[in-house]
Amino acid sequence: MNRRTFFQSVAAAGAAGAAASTPARAAVPKMKIKRVRTYQPPNPNPLFNQSDMVVTIETDAGITGIGEGGSKDLIDPVAGRLIGQDPSRIEHLWQDMTRSFFYPPGREKIDAIGALDLALWDIRGKALGLPVHAVLGGMARNYCECYNTAGIIPGLQRGATLKERAHATIEAGYRAFRMGAADTPSNGVFNTHERVNKIAEDCAAVREGVGKNGDWCIDFHQRFDLIDAIRGCELIRDFAPYFVEDAVRTEAFDQDLPILRQKVSVPLAAGEEWGYRWDFNKLVESHSLDYIRATLPNVGGITEMLKVAAICETHFVGIIPHFTGPISTAALVHCLGTFAGPVLMEYNYGGRTIPHMPVGLDFKNGKLYPNDRPGLGVELDMSQLKLVSEVTEPNPPRTQLYYRPDGSITNW
């Protein structure tokens, strides 16, 4: 046997061995979208930016994707753009849904597009037999650290002090304790000058509760004008918050956050009321923020969140997503689990059951874990859901686009 023949035989044997040891994966079926349905869950969240409406996208191959968010009036016309389309072309469909209605989408419509986008990624994972995080390149972390929103900790007694609540949260395994800025009963009087002083008092108690090396964060909820926000941040600086959230009004972010960044040294987070990447690109680029609060589906779905994450990683900005619904929370683990930068998840389902979603959130000891179930790993109890709309026909012809010569979408 000459040298060339020898190496050819070795290569052939290696290829045969690899083929024998590698399990055959079923071919991904060719699919078309045939129907989009929207459901109302039990006790729906009335706040639009926390919508927990359930969306399903059904294909002619028998695979159904599950998403969450939006409202009937906003989902229905956008869903019409999907009927008859190949669900695997997720980026193309996102561009179509976003650009075919003449006006750029507002934040409410971006939320609805995000709900459908989650369902498309769920289909993709199920078609491949893989969890979405594996489709996206695999987890960059072992689990997602969480902080507690609602303060519901098993064993915590009603009427517990801030110090006690903070201590119990850290003991339960959460990364951080979260508090509002000198909260008072809703719809009452809030004296910002007086409440700034109260913040300092509360933060001292919370620091004592979490301990020297524990973490805590505070949400200013946009309650303060710039000058009071500056004063509040300076008063709590020595208690070392993990971050101060929404210190000024969202409408003034572009104007006031760069000023605030120059005046204070506490870490700043903002953006739970934002839409997609163009809303906060400049603030991330200028390092006016340390963490963004972009979330699913509000940012426009997983397709858009991946681009947001790339911008953040480029500028060393972390992502602390705002909570929305349970399906979106499950999707965040898949999506942000693959992000290499800092991630801290806001979580408020501790100790609670979700009647319409018996499977989906793998939570233990203050942490959310990835799973290997195909797609988003979410299962629904359809008996708990109320059908509110069904779309089976494409959009009316007034929706319109132009295409570049290569078939990619451009604006009409």
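Strands are DSSP runs of E of at least two residues, and helices are runs of H or I of at least four, both numbered from the N terminus. This is a predicted model in which local features need pLDDT of at least 70, side-chain atom pairs count only at pLDDT 80 or more, and totals for chains, interfaces and linings use all residues. Residues are numbered from 1 along each chain as its sequence is written, and side-chain values use heavy atoms, with hydrogens and water left out.

| Partner of β4 | Sense | Bridges |
|---|---|---|
| β5 | parallel | two |
| β11 (residues 345-347) | parallel | three |
| β13 (residues 367-368) | antiparallel | two |

Four of the five residues of β4 (residues 144-148) are buried, so the strand is largely enclosed by the rest of the structure. Buried means under 20% relative accessible area, exposed over 50%, and partly exposed in between, with a 1.4 Å probe and protein chains only.

Helix α7 (residues 192-210) has 19 residues, which should span 27 Å at 1.5 Å a residue; its end C-alpha atoms are 26 Å apart, which agrees. The expected span is 1.5 Å times one less than the number of residues. Among the buried residues of α7 are Arg 195, Ile 199, Asp 202 and Val 206. Just after α7, Gly 211 takes a positive phi of about 90°.

Notes: Pairing = 2+ DSSP bridges.
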